[in-house]
Amino acid sequence: MIENSGIPTLVIGTALDIMQKVRPPRAVFVDHPVGRTFGPPHDRQRNLTVLRKALAELPLFIGPGEIRDIGCQWQNDGSRAWEDELRAEMLRDR
Amino acid sequence: MPFDYLPVMAEVSAPKPPRTLVAPSNLGWSAIKKPVGASRVALLSSAALRLANQQPFTPREDLSYRLVPSDLDVGEIVIDHHSGIGRVPRQDPEIVFPRTALAELAKDGTIASVSPIHVSFMGGLRCHKEIETDLAPGIAKELQNAAVDLALLVPY
């Protein structure tokens, strides 16, 4: 909708399954927990790294609805241990 | 395998039915007109965030938005979104609203400039029609007034 006003948008999102359903015009996937898109609190270097990677992807989009993985993982060793903590955090909201 | 959010969101909603995800009625597409290095960039956040001295968002169906100055010295950022995942981003809103990182990228020439204003609104609204007819056009107008070339939307 913003795009219809002539301003291109880039979604920088952590929820791939949701982005695949709502199909933003242009999106990059950051494999971090939701609510921590740009890294852990107070990690300015990580904030910059994610933002740089997202912007670097911009010229590569060809058409609407594309989602590009910019290769950002929460933990360097690829551990998914954060998923259990996130699930518990989300369920506390019930 | 990426984390599957939808099943957990359905559990959070239960016994109410899960949230319906709605794609826009018109999938817009505006071509990138300028290289990133020549662009003025704004942040859009669905975290319902604001300056501490701005009017708070009301829970749930609040269709308003806040203009958050990009000046880093204007004051503390508050997150009003009701989601249970707020504990961590409230420690450091920059992890969902990277104003400082964007300012750094303007300094080093990665982008041309930062928009004088960023925009935040309430994510997870269920009034989809009003998002299209009221909220999104209002935000688009603000971005046009600020001569923004590129908007980065960070879902919350």
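**Two chains and the contact between them**

Of the 94 residues of chain A, 43% count as buried, a residue being buried if 20 or more other C-beta atoms, placed from the backbone, lie within 10 Å of its own, exposed if 12 or fewer do, and partly exposed in between. The model is a predicted one, in which local features need pLDDT of at least 70, side-chain atom pairs count only at pLDDT 80 or more, and totals for chains, interfaces and linings use all residues. Residues are numbered from 1 along each chain as its sequence is written, while chains are lettered from A and ligands numbered from 1 in the order in which they are written.

The predictor gives the complex an ipTM of 0.96 and a pTM of 0.96. For chain B, the average pLDDT (the predictor's confidence in each residue, from 0 to 100) is 94, and 100% of the residues score at least 70.

Chain A contains 3 helices and 3 strands; here helices (H or I, at least four residues) and strands (E, at least two) are DSSP runs, numbered from the N terminus. Along the sequence, these elements of chain A follow the pattern β-α-β-α-β-α. The C-alpha trace of chain A spans about 40 × 35 × 20 Å along its principal axes. Two residues are in contact if their C-beta atoms, placed from the backbone, lie within 7 Å. Among contacts in chain A between residues at least 6 apart in sequence, 39% join residues at least 24 apart.

Cys72(A) counts as buried because it has 20 C-beta neighbours inside 10 Å. Leaving aside residues up to four places away in sequence, Cys72(A) touches Val30(A), Asp31(A), His32(A), Val50(A) and Lys53(A). Val50(A) is 22 residues from Cys72(A) along the chain, yet their C-alpha atoms are separated by 7.0 Å.

Chain B has 4 helices and 7 strands, arranged along the sequence as α-β-β-β-β-α-α-β-β-α-β. Its C-alpha atoms fill a box of roughly 50 × 35 × 35 Å, taken along the principal axes. Of the 156 residues of chain B, 35% count as buried. Residues 24 or more positions apart account for 78% of the chain B contacts with a separation of 6 or more.

Where the chains meet, 48 residues come from chain A and 51 residues from chain B. On the side of chain A that touches chain B, the elements giving two or more residues are strand S1 (9-13), helix H1 (16-22), helix H2 (44-57) and helix H3 (82-91) of chain A. S1(A) pairs in the parallel sense with strand S7 (residues 150-154) of chain B over 3 bridges, where pairing requires that DSSP finds at least two bridges between the strands. Within this pairing, Val11(A) has Leu153(B) as its bridge partner in S7(B).

Helix H3(A) has two contrasting sides. Its buried residues are Leu86(A), Glu89(A) and Met90(A). They cover an arc of only 95° around the axis, so they sit on the same side of H3(A); the arc is that of the directions from the helix axis to the C-beta atoms. On the other side of H3(A), Asp84(A), Glu85(A), Ala88(A) and Leu91(A) are exposed. The cover over the buried residues of H3(A) includes helix H1 (5-13) of chain B.
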